[in-house]
Amino acid sequence: MKRRLFPTLLASILCLASILTGCQKNEAPPFSKDKKAELTIAYTNENAFLKRYGNLFNQEYPNIRLSIVSTIPLVTKKLSVENWVQQNKFDIIYLPPDLVKEMAESNDLQELDLWIKRDSFPLEEYIPQVIKYARSIGNGKLYGLPPTFFGQAIAYNKDLFDAYHIEYPQEGMTWEDLLRLSGKFPKDDGRGNTLISLGTNDSSSFEFMLKVGFGQGLTMMQGNPPQATVSSDSWKQIWQLTLPLLKSGQLINSSDLNTYMEAFLAGKQAMAVVTYEEYKQLTTQKKTTFQWALAPFPVNPNQSDNNDTLLIDGLYAVSAQSTEKEAAWEVVKFLNSRTVAKWNYRSLYGFSTLQNELSTNQEERERLSVMYASRQSYHPIGEVPFELVDKANAAIKNILNDGQSLEDALQQLQNEAQRLPK
């Protein structure tokens with residue numbers, strides 16, 4: 001941290017009080033592009049950073065020397081935040097929301113609001129829901145800026161809905177509503193082919209159930225000491241709604257991006273959960289034989305104006321311990337700029353968080369608004385041990401193929417969950 005010499009004892013006392021309370025005033029002038037600086041960026045690894053930005057940064061800031069430290073041990077939980085920070089000095093870091101929150105709460109990150117106000121940084125040009133989400137990570141304060149996001153929506157085949165006189169999916173629908181809507185389609189198309197009602201990009205059937213449950217605010221453990229809730233009425237209802245669709249083949253789950261959208265693109269599937277990647281497949285398809293549209297992602301029934309639409313890969317933040325904070329903030333602004341958004345347009349990294357860079361087409365921008373239309377707020381993603389996921393998927397197969405009762409299967413899972421380390 002750069003220290004300023006104050007001419008009076010009072011000023012020194014005020015400065016010390018400010019540091020002790022964690023209130024840092026960014027009174028230094030904005031960074032000049034001509035100024036030399038050496039910065040360390042914490043990113044996945046150097047190759048990944050260069051793949052994303054190429055020579056773009058060097059062209060913009062030829063006098064800033066960058067070095068990269070890897071965040072892989074941090075992101076993969078091999079190191080705790082405390083241990084990783086002790087072992088790595090950095091000026092800028094790119095991390096997913098949960099780690100940004102943890103580092104902010106550990107006073108490892110610099111609050112950005114003072115800089116934003118001083119520089120008149122145009123937050124109004126960004127998607128408001130994304131900024132609100134970013135603020136919710138820091139309990140109202142902004143500790144990081146996300147350059148991109150992966151939205152979620154329900155793509156639906158309008159022709160199939162019209163053919164069977166079924167109402168389109170609507171804004172404000174819950175997962176229960178969507179599953180019941182899926183059940184309105186016949187099990188075959190009248191020509192001996194299974195008619196798929198809904199496809200999801202989850203790796204397994206139980207992981208889809210977890211998505212539904214977590215989207216409703218459910219947890220797998222409650223209370224102190226923690227007690228498993230696997231067999232609760234709320235979770236049981238999700239199984240009861242899902243199992244018939246799985247048995248009939250009307251609900252499919254696949255995380256294989258190469259094949260996931262095949263049935264929908266062929267007109268043989270009514271609905272599909274789509275994110276950025278699947279949306280790109282839809283729009284790059286030369287010609288579809290049917291009309292399609294997007295509907296908003298299902299909402300939490302207890303918070304009907306809030307859903308889990310936004311998926312943010314990472315936010316750029318500035319280290320609270322950096323000795324080059326002004327240069328670091330300048331780089332964070334650049335990495336969230338229109339220049340970079342145009343460079344990365346429709347690449348691997350998601351939609352731009354800048355409203356006018358979301359799409360080059362106004363009509364498409366309006367269509368894509370369903371990907372972020374609802375109020376968004378950060379909440380921890382529920383984590384379930386792999387062994388429980390495997391046992392739950394085995395239970396699903398037993399119910400569908402061997403006739404095991406749902407009650408017996410849930411009770412067994414309840415017992416398994418209760419034995420897991422808390």
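Visitor: I've landed on R180, which makes a salt bridge with E176. How far apart are the closest N and O atoms?

Guide: The general idea first: side chains of opposite charge can pair when their charged atoms come close. The rule here asks for a side-chain nitrogen of Lys or Arg within 4 Å of a carboxyl oxygen of Asp or Glu. For R180 and E176, the closest N and O atoms are 3.0 Å apart. Before you go further, note that this is a predicted model, where local features need pLDDT of at least 70, side-chain atom pairs count only at pLDDT 80 or more, and totals for chains, interfaces and linings use all residues. Residues are numbered from 1 along each chain as its sequence is written, and side-chain values use heavy atoms, leaving out hydrogens and water.

Visitor: Where do R180 and E176 lie?

Guide: Helices are DSSP runs of H or I with at least four residues, strands are runs of E with at least two, and both are numbered from the N terminus. R180 and E176 share helix α10 (residues 175-182), and they sit four residues apart, about one turn of the helix.

Visitor: And how do I read buried or exposed?

Guide: Look at relative accessible area: under 20% is buried, over 50% is exposed, and anything in between is partly exposed (1.4 Å probe, protein chains only). R180 comes out at 46%, so it counts as partly exposed. E176, at 24%, is partly exposed too. Now try E105 and K101, whose side chains form a salt bridge at 3.5 Å, N to O. Both belong to helix α6 (residues 97-105), four residues apart. E105 is exposed at 53%, whereas K101 is buried at 17%.

Visitor: How many salt bridges does the rule give?

Guide: The count is 19. Some of them join up: R118, D119, E326, E330 and K333 are linked in a network. Within it, K333 and E330 meet at 3.4 Å, N to O. These two lie three residues apart in helix α15 (residues 325-335), and both K333 and E330 are buried.

Visitor: Let's move to strands. Which strands pair with β1?

Guide: Two strands pair if DSSP finds at least two bridges between them. β1 pairs in the parallel sense with β2 (residues 64-70), over seven bridges. It also runs parallel to β3 (residues 92-95), with two bridges. A42 is a handy spot to look at: its bridge partner in β2 is V69, and in β3 it is I93.

Visitor: Why is β1 called largely enclosed?

Guide: Because six of the seven residues of β1 (residues 37-43) are buried. Strand β6 (residues 196-200) is largely enclosed as well, since five of its five residues are buried. β6 pairs in parallel with β10 (residues 269-274) over three bridges, and three bridges also join β6 to the parallel strand β9 (residues 251-253).

Visitor: Which residues touch the most other members of the largest nonpolar core?

Guide: A nonpolar core is a set of buried Ala, Val, Leu, Ile, Met, Phe, Trp, Tyr and Cys residues joined through side-chain atoms within 4.5 Å. The largest one has 130 residues, and I93, F149 and W239 touch the most other members. This core draws at least three residues from each of domain 1 and domain 2. Leaving out residues up to four places away in sequence, F149 touches a set that includes I127, V130, L310, F351 and M371; contact means heavy atoms within 4.5 Å.

Note on methods
Domain bounds come from an automatic or database domain assignment.
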